[in-house]
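Dear colleague,

Please find below the sequence and structure that I am handing over to you. My notes on the findings follow directly after them.

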Amino acid sequence: MSKGSVKVLSFWSSMFGLRVHYALDLKGVSYEYQEENLFNKSKELLEANPIYAKIPVLIHNGKPICESLIIVDYIDSVWPNPHKLLPEDPYKKAVARFWADFGDKKVYDAGSRLIRATTEEERKKASEDLKWALMKIDEALGTIAPRKPFFGGDSMNFADVALAPFICWFKGYQKVGGFVLPGPEEWPNLHKWVTAVKSVEAIRKSTPSEDKVAEFAEVIRKRAIGSA
Amino acid sequence: MACHDQDVTLLSFWPSPFSMRVKLALLLKGIEHEDLPQDLGNKSKLLLESNPVHKKVPVLIHKGKPIAESAIIVHYIDEVWPGTSPLLPQDAFLRAQHRFWTDFFEKKISDYLDRFIRSNGAAVNEEFIQDCLLLEGALAELGDEEEGPFFGGASMSFLDVMLAPSAVWIPALEQVMGLKPASQEQCPRLHKLFGAVTEHPSAKVALPQIEKLKEFTQARLVSK
């Protein structure tokens, strides 16, 4: 199992950071974790990610890899087993990549705008966009893996790992942005997926408390309003 | 080696750099395909059914199954047809670098070019030259100059395919809208790379001529 030294630079509430934790923990890879102070970034982070100075960064045998989905792809290549995340079939692989990418383009973007909205108009638009994006995920789950809990079927795959971190932010989106997640009658697949993800031990290991995240979302919002 | 009965269709739009990437990958690998140009002002039923989420081009339809998003499509092409002109590096870390710099290009350079066009050339980006220089640095690190001008050395690799459309788009924007990219002195290897792209037989077919792109850009300026 050991394939050299593995270190993760991240921040406790970062959805992107959580993807890396989830991938490593699902595969049982041991790693050193370093919590970064985003207002006082470590020299190590600045050297490991000179382009963006952002987390997460994976440092494997001294070599840094940046950008969460690229990191997860890398982890899956270096440690394919156990728990392969990318399907072997090229088409299924492309589908998994598509929904992971959708998470960045549509879910994260809308959620981020929701929290940082300074006008009611901005908040409403972001809320609608977030609702649309999550509805698409509910539909996709029904099409890609009908009657199964995950995008990956019975176990989490690349798309599940990419999207799972949003779950612990829903409370924050509600508290700060007034976003109310439609219930299981409307979105049965999404709710089934959320329940299934939350039951995975490896996911529970590094997922922060939703209340703590909601408090943090409040902090982000205050800063956004303050600087507007 | 041409592949015949693979049932490959590309929903394309000739000026789209994302569409060009996929076309280039198909041509590099000699994959026979049907190219169906799309009218983006009046989207076809096929496009809307093939890409219901984003409703965009390019879309690759292989044996009836659609794949969207250019980087994902090129990954798919490389995986299904690995033999000819392999694009992604074998080494996992190097693969991560190719993906990182593709993502950098999209976030920083492609995004700015888009804003530049939409603002009729008004959008300013003090970081643009710096971003070009960072890409030049990446080429120095990842591309062996002795082997050839590309990130892949003598032959085009994934990152070269992702960047190739800039070889025609940047000159078009320069000449029609006054875009100021990095000079040859500032980015000698990138200039050499783009020169090699425009000379490459597959790219000559996959990429539109700069003059045609200039006309397209000019026409859109006038109509605003």
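Which residues of chain A does UniProt list for "domain: GST C-terminal"? The unreviewed entry gives residues 89-216 of chain A for this feature. Please bear in mind throughout that this is a predicted model.

Domains of chain A

The domain assignment divides chain A into domain 1 (6-78) and domain 2 (90-226). The C-alpha centres of these two domains of chain A are 21 Å apart, and their contact involves 16 residues from domain 1 of chain A and 26 residues from domain 2 of chain A. Between them an area of about 2000 Å² is buried, 73% of it from carbon and sulfur atoms. Three residues, W12(A), M15(A) and Y22(A), supply 37% of the area that domain 1 of chain A buries against domain 2 of chain A, more than any other three residues.

Three salt bridges are counted between domain 1 and domain 2 of chain A. D73(A) and R97(A) meet through their side chains in a salt bridge, at 3.3 Å from N to O. Six residue pairs are in polar contact between domain 1 and domain 2 of chain A. On the side of domain 1 of chain A that touches domain 2 of chain A, α1 (15-26) and α3 of chain A each supply at least two residues. The largest share of that side, nine residues, comes from α1(A). By class, the residues of this side of domain 1 of chain A are 11 nonpolar, two polar and three charged.

Domains of chain B

For chain B the domain assignment gives domain 1 (8-80) and domain 2 (92-222). Their C-alpha centres lie 21 Å apart, and the contact takes 16 residues from domain 1 of chain B and 22 residues from domain 2 of chain B. The buried area between the two domains of chain B is about 1600 Å², with carbon and sulfur atoms giving 78%.

One salt bridge is counted between domain 1 and domain 2 of chain B. A salt bridge joins the side chains of E106(B) and R21(B), at 2.6 Å from N to O. Four residue pairs are in polar contact across this interface of chain B. Here α1 (17-28) and α3 (70-80) of chain B each provide at least two residues of the side of domain 1 of chain B that touches domain 2 of chain B, and the largest share, nine residues, comes from α1(B). That side of domain 1 of chain B comprises 12 nonpolar, two polar and two charged residues.

Contact between the chains

About 2200 Å² is buried between chain A and chain B, 72% of it from carbon and sulfur atoms. There are five salt bridges between chain A and chain B. E69(B) and K105(A) form a salt bridge, their closest N and O atoms being 2.7 Å apart. The count of residue pairs in polar contact between chain A and chain B is six.

With kind regards

Definitions and conventions
Residues are numbered from 1 along each chain as its sequence is written. Chains are lettered from A and ligands numbered from 1 in the order in which they are written. This is a predicted model: local features need pLDDT of at least 70, side-chain atom pairs count only at pLDDT 80 or more; totals for chains, interfaces and linings use all residues. Side-chain values use heavy atoms; hydrogens and water are left out. Domain bounds come from an automatic or database domain assignment. Contact means heavy atoms within 4.5 Å. Buried area is the accessible area (1.4 Å probe) that two parts lose on being put together, summed over both. A salt bridge is a side-chain nitrogen of Lys or Arg within 4 Å of a carboxyl oxygen of Asp or Glu. A polar contact is a pair of N or O atoms within 3.5 Å; within protein, one must be able to donate a hydrogen and the other to accept it, and residues adjacent in sequence count only if both atoms are side-chain atoms. Helices (H or I, at least four residues) and strands (E, at least two) are DSSP runs, numbered from the N terminus. Ala, Val, Leu, Ile, Met, Phe, Trp, Tyr, Cys and Pro count as nonpolar, Asp, Glu, Lys and Arg as charged, and the others, Gly among them, as polar. UniProt positions are given in the numbering used here, feature names are shortened, and annotations may be inferred rather than shown by experiment.
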